[in-house]
Amino acid sequence: MKEEVSTEELIINAARKVFTTRGYNGARMQEIADEAGINKAMLHYYYRSKDKLFDIIFDEAVDKLMLRINTVFEAQGSITDKIAVIVDMYITTLSDNPYLPLFVLHEMSQHSDRIVKRFMAKPNFPNIQLFLDEVNKEIKQKKIAKIEPEQLLINVLAMCVFPFVAKPLIQGVLRKDDVAYKVLLEERKRSVVKFINAALAI
């Protein structure tokens, strides 16, 4: 039993590394097997397809992010403080799992209903209404400028996700190698928060 668990962990760790470096479309089962130090037959014994492996990696990353976001939504604190934490978590998660945004976009273009149901069915799916209500509350208390809560949420998510979706374009235009781009993403955390705070200031 211990050997099976150990082998599964080797495979999952290898798959996570290959998906991160190659992306979903570029990943190959043979490369995952090589990375795990096993033969392809053994890999197929545990996981018969790349899709099944990716589902595990995908759900692992998304579930962790959703749980953390829910924790932030339910915590005490101002909406600007919560946004700062969410931005940091979102960009950090996507930096660690850069294949996620492109996979979601691909699924949205091919199977939009399926990906929406997949997200909505998760037990840790964030209670968005908590965020929207908090924004409206602070607007009424005149703590932040008047803004449509839904637009604020979309703006925050879009500003976090876009650098990952458009990475090749941005790297080319700004002439950034991978190391410089990582620095840019760290700076992005502060830049997004600063931009949002300025937009909400009264």
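How many helices and how many strands are there in the protein?

1. The model under review is a predicted one. The protein contains 10 helices and 0 strands. Along the sequence, its pattern reads α-α-α-α-α-α-α-α-α-α.

2. As to overall dimensions, a box of roughly 65 × 40 × 35 Å along the principal axes holds the C-alpha atoms of the protein. Of the 202 residues in the protein, 37% are buried. The accessible surface amounts to about 12,300 Å², and carbon and sulfur atoms contribute 55% of that surface.

3. Among contacts in the protein with a separation of 6 or more, 64% are accounted for by residues 24 or more positions apart.

4. Lys 142, which follows H7, has a positive phi, near 60°.

5. Which residues of H7 are buried? They are Phe 131, Leu 132, Glu 134, Val 135, Glu 138 and Ile 139. Because these residues cover an arc of only 160° around the axis, they lie on the same side of H7. In an α-helix there are 3.6 residues a turn, so residues three or four places apart point the same way.

6. The cover over the buried residues of H7 includes helix H4 (50-74), helix H5 (79-96) and helix H8 (149-165).

Definitions and conventions: Residues numbered from 1 in each chain as written. Predicted model: local features only at pLDDT ≥ 70, side-chain atom pairs only at ≥ 80, totals over all residues. Heavy atoms only, no water. Helix = DSSP H or I, 4+ residues; strand = E, 2+ residues; numbered from the N terminus. Buried < 20%, exposed > 50% of the residue type's maximum accessible area, 1.4 Å probe, protein only. Contact = heavy atoms within 4.5 Å. Areas by Shrake-Rupley, 256 points an atom, 1.4 Å probe, with all protein chains shown as cover. Arc of directions from axis to C-beta.
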